[in-house]
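Dear colleague,

Please find below the structure that I am handing over to you.

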Amino acid sequence: MNGWSVFRPILLAVDDKAEDLERVERELGNRYGADYLVACEASAEAALTRLRDLKAGGKEVAVVLADQRMPEMEGIEFLSRAHELYPLAKRLLLIDPMDGASFVRASRAMALGRIDYVEYKPGPPPNERFHEVVTGFLREWTRPYRSEANAVVRIVGERWSARSHEMRDLLERYAVPHAFYPVDSEAGRTLLRSAGKTAERLPVWVLFDGRVLVDPSNEEAADALNTTEGRPEREETDFDVMVVGGGPAGLAAAVYGASEGLSTLVLEGEAIGGQAGTSSMIRNYLGFAQGISGQELAYQASRQASLFGARFRLMRHATGLVVEEGRLVAALSDGTEVSARSVVVATGASYRRLGVPELEVLNGAGVFYGAATTEARALEGQDVYVVGGANSAGQAAVHLSKYASTVTLLVRGDSLEAGMSDYLIQEVEDAENVRVRLHTRVVGGGGEGRLERLALQDSASGFTEAVEAAALFVLIGAEPRTGWLPDEIARDERGFVLTGGDVPNDWHPTDRRGPKRPAMPLETSMHGVFATGDVRHGSVKRVASAVGEGSVAIRMVHEHLGGT
Ligand SMILES: Cc1cc2nc3c(=O)[nH]c(=O)nc-3n(C[C@H](O)[C@H](O)[C@H](O)COP(=O)(O)OP(=O)(O)OC[C@H]3O[C@@H](n4cnc5c(N)ncnc54)[C@H](O)[C@@H]3O)c2cc1C
């Protein structure tokens, strides 16, 4: 039995204005009263006491809503404190439509992870926009309950084994409802028995239709689950366009390719969504004011591509690419081959991670990988840190210095000169509020729901210091995933793929019939092979630009196919 069936989770609202609170109570009660309990308080202190009591009574709180302008404590502060009691509860700040000052404060609080969203207080019905936000929160909050209740796969495994974790992580990223039972639990033993298996080889998968898999490979697991969407009735092996990589660039290429009538295959080696799929909240993607989790974006995009008819081969890496009789043939990690008349390379890049687990969990809540422009404004008057010694880190530090109170650039080496351009070093030195700390490594940190502190180690002395920090930007480099590409595809000195005008003259693509010609935009030095997104030399390294390039690549594919 899961927690859901035991008691109704709570939606708690607080506002000192009686009329406004009544309206919120009515809206929540009318819409969600059958499945949730609605609790209301007229002051922040009373609401905190209520939350403490609920916690002591073992109750679940799904959403906390607070008015920003309350006399004893502003809503942002209240929601931060509520978060300490209920870290998983969603936090919605309510403001009046004309309250521009609160809106500005709310946008900063959102960027720092102190609230989840800001919305106008409900007025006379209908209040669909308000409910859209609350419903979205509930959809996210109930995911673990839904997953368990509607599990498509139930797994029995060792609680702390790396393989069990990897499988759960992949299922999570593929949004497959699942439940995990440790092998030493009663439920785990019962499930194993009913499946007719022992604990000798784990993990054991029990699928919704009774199939049982023992320690399946990623490919076997993907095939077992891939029963409907994107699954061909018979395995096709030849396509108009083969998209390698199912991150934002590849998914966009798949949506446009399939929707424009091309038979389209997507090959994805790990999980749909790529790097974006690991981001808990993408806040700068056009049209999603509240932000969207990378996982949700990936799920929606892959569904969209499937509905247009794109095919997916999941958990299979492309390991090579050759031209055979005018077709582009990719070798896959499962030993099979697929061919196509054109290829879109969208294998992205892997950002080097800090490898500090306490900071990984705060990704998006004060810890940011990549450029700093999105969050800079929200960091006005705060102390922020940038890790990295190359140009991207220098640029981020200079940009942040316009907003933050202080910016500290953390560099592992003993000088900036080794990795940064002179002009940028000059700019860093000229910025009065930028400090540079050489031979320094980030070795720890943490905070309540958002970054609050870092542990910095001086590699010369070995001394570790704790500092307060509102944000940490990690810019320690990215590596393109291009090891599988043939030598005929020209790359820059760091391995990123050259396209269009960047392809050197002597690398211009050719095909069997024609002379060498300049590469088309996004085309590589290999005829009919295009590259998009982070894997491409000179790309912008953003979700939106990857999506844009993925769609443009299909335009080029049409031109290529028209000419062949
Ligand atoms: C933690 C994090 C947070 C981010 N937050 C933001 C943000 O808020 N806003 C923003 O604009 N950008 C953000 N970014 C950057 C953004 O995610 C990337 O720019 C974007 O995902 C690039 O898309 P892509 O499709 O080019 O590559 P990727 O996302 O890297 O996807 C490439 C895919 O190809 C697959 N693949 C690789 N090799 C092979 C192979 N040989 N065969 C088959 N498949 C293969 C990979 O498994 C992966 O799924 C973030 C990045 C990270 C790491």
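A polar side-chain atom of Asn284 lies 2.8 Å from a nitrogen atom of the ligand. Please bear in mind that this is a predicted model. The backbone takes part in the site as well: an N or O atom of the Ala249 backbone lies 2.9 Å from an oxygen atom of the ligand, and a backbone N or O atom of Ala318 lies 2.9 Å from a nitrogen atom of the ligand. Taken alone, the ligand exposes 1000 Å², of which the protein buries 94%. Two or more residues of the shell around the ligand come from each of helix H11 (248–259), strand S11 (264–268) and helix H17 (543–563).

In total, 35 residues surround the ligand, and the closest are Ala249, Glu268, Gln275, Asn284 and Asp534. By class, the residues of this shell comprise 13 nonpolar, 14 polar and 8 charged.

The axes of helix H3 (residues 44–56) and helix H4 (residues 75–85) come within 10 Å and cross at roughly 10 degrees. An angle under 35 degrees counts as roughly parallel, and H3 and H4 are therefore roughly parallel to each other. On the H3 side, the contact is made by Ala44, Ala47, Leu48, Leu51, Arg52 and Lys55; H4 contributes Phe78, Arg81, Ala82 and Leu85. This contact of H3 with H4 has 7 nonpolar and 3 charged residues, and no polar ones.

Yours sincerely

Methods:
Residues are numbered from 1 along each chain as its sequence is written. This is a predicted model: local features need pLDDT of at least 70, side-chain atom pairs count only at pLDDT 80 or more; totals for chains, interfaces and linings use all residues. Side-chain values use heavy atoms; hydrogens and water are left out. A residue is near a molecule or strand if one of its heavy atoms lies within 4 Å of it. A polar contact is a pair of N or O atoms within 3.5 Å; within protein, one must be able to donate a hydrogen and the other to accept it, and residues adjacent in sequence count only if both atoms are side-chain atoms. Accessible areas come from the Shrake-Rupley method with a 1.4 Å probe; for residues, only the protein chains shown count as cover. Helices (H or I, at least four residues) and strands (E, at least two) are DSSP runs, numbered from the N terminus. Ala, Val, Leu, Ile, Met, Phe, Trp, Tyr, Cys and Pro count as nonpolar, Asp, Glu, Lys and Arg as charged, and the others, Gly among them, as polar. Axes are lines fitted to C-alpha atoms, for helices over the stretch in contact, and angles run from 0 to 180 degrees between N-to-C directions. Angles under 35 degrees count as roughly parallel, over 145 as roughly antiparallel, 65 to 115 as roughly perpendicular and the rest as oblique. Contact means heavy atoms within 4.5 Å.
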